[in-house]
Amino acid sequence: MMPSALEAPSKNTLMFVPDLVYFEPGALEYEKGRRIHAWAEEQNLPIRITPSHNRITGLPGESDLEKYRLAKRTLVVGVRKTLTFDTSKPSAEYAIPIATGCMGHCHYCYLQTTLGAKPYIRVYVNTDDIMQAAKQYIDERAPEITRFEAACTSDPVGLEHISSSLRELIEFMGQEEYGRLRFVTKFHHVDSLLTAKHNNHTRFRFSVNADYVIKNFEPATSSFEERIEAAGKVARAGYPLGFIIAPIIWHDGWEQGYAALLQKLAHALPPEAVRDLTFELIQHRFTKTAKTVIEQRYPKTKLEMDEAKRKYKWGRWGQGKYVYPDEQANALREFITERIFEHFPEASIDYFT
Ligand code: SF4
């Protein structure tokens, strides 16, 4: 039996199997759509047809909270219609859309607000169209390198056993002289990607954090140990490797927590991992809307979201974010930066934001 999505991650986190699968019109005309259909049948999952993911109604569940949890265990297989890519600063030029939604239950996740009331997991079957659109973006900027981030709206590694889209994308980008792919994951199911012909054009990043953060705010994701073991495999497969420490959270004992994180990483990683290693550092932030949604969905969360303790940072579209005041943000940045260089003198830190 699958563990409940809200249980703490077990030692051996299972691959995600949804409770229910919907197919949108046209999805079964694609080979990938038919393959996912056959997989869902093999798993004995209830399969339904829907005219559109926007029209899914009647999901079981009494309360809004129950409906939310069930929606996060519902897979929608569809055709990606919007092939205009969003920008994805600071980590890449563009976000490449291969999936939306995630089965993880990280309390702080920004998908809580960006996906609103429809947190289904959607995978797209027309990967060729998506790659063709990427090719146009690459050609427009050539000979400048164009980087694509595949994890802006999902955790695609956690869905790879269902869609195989990441492998296709990795191999496509491997052949593009001016194209680069990157994604981040909290899942350890990387085996099917180890033999992909990446040609060093894909940076495989793992999201890591202090014990306190993983334990309290990241249910239904792989454990730290599983992620690090997977990072070792990825490095041995020759992928450029990176870590995103996010969200960096100020908590009692944060210095010990982040020092221990870097120490454990240094201890666990094979030598292949450190030859071209990057770090990205992102402090915790929240919007007023996110705070309301998070408090409804995870009412017992220990996530500190007290506006009075934060600094307000104006946003591009009016909705500002609450970040740590400069003094705290600087202390976090300086301390973690020092620990990184202490253990990984050759690594580069791409940004702190
Ligand atoms: Fe969000 Fe990533 Fe957690 Fe999924 S694993 S819920 S995408 S933060």
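This is a predicted model: local features need pLDDT of at least 70, side-chain atom pairs count only at pLDDT 80 or more; totals for chains, interfaces and linings use all residues.
A word on reading the values: local features need pLDDT of at least 70 and side-chain atom pairs count only at pLDDT 80 or more, while totals for chains, interfaces and linings use all residues. Residues are numbered from 1 along each chain as its sequence is written, and side-chain values use heavy atoms, with hydrogens and water left out.

## Aromatic rings

The structure has 16 aromatic pairs. Rings of Phe, Tyr and Trp (its six-membered ring) pair if their centres lie within 6.5 Å; planes under 30 degrees apart are stacked, over 60 edge-to-face, and the rest tilted. Tyr68 and Tyr298 have ring centres 6.2 Å apart and planes at 85 degrees, so this pair is edge-to-face. The two belong to distant parts of the chain, 230 residues apart: Tyr68 is in helix H2 (residues 64-71), and Tyr298 is in the loop between helix H10 (288-297) and strand E13 (311-313). Helices (H or I, at least four residues) and strands (E, at least two) are DSSP runs, numbered from the N terminus. Both Tyr68 and Tyr298 are buried, a term for under 20% relative accessible area, with exposed over 50% and partly exposed in between (1.4 Å probe, protein chains only).

Elsewhere, ring pairs connect Phe85, Tyr94, Tyr137 and Phe148 into a cluster. A charge can also sit over a ring, if NZ of Lys or CZ of Arg is within 6 Å of the ring centre and within 35 degrees of the ring normal. The charged end of Arg339 does this with Phe335, 4.6 Å from the ring centre, and Arg333 lies over the face of Phe352, at 6.0 Å from the ring centre.

## Salt bridges

The whole structure contains 23 salt bridges, each a side-chain nitrogen of Lys or Arg within 4 Å of a carboxyl oxygen of Asp or Glu. One of them joins Glu176 and Lys135, whose closest N and O atoms are 3.2 Å apart. This pair links distant parts of the chain, 41 residues apart: Glu176 sits in the loop between helix H6 (165-174) and strand E9 (179-185), and Lys135 in helix H4 (residues 127-141). Glu176 counts as buried because its relative accessibility is 10%, whereas Lys135, at 31%, counts as partly exposed.

Arg167 and Glu171 form another salt bridge (3.5 Å, N to O). Both lie in helix H6, 4 residues apart, about one turn of the helix. Asp211 and Lys264 also meet in a salt bridge (3.2 Å, N to O). That pair spans 53 residues, from Asp211 in helix H7 (residues 211-217) to Lys264 in helix H9 (residues 254-268). Shared partners join Lys89, Glu93, Arg141, Glu144 and Arg147 into one salt-bridge network.

## The sheet

An open sheet of 5 strands runs in the order E2-E1-E3-E7-E6, with mixed pairing. Strand E2 (47-49) and strand E6 (99-100) are its edges, each pairing on one side only. Two strands pair if DSSP finds at least two bridges between them. Strand E3 (residues 74-78) and strand E7 (residues 121-124) run parallel, joined by 4 bridges. Val76 has Arg122 in E7 as its bridge partner.
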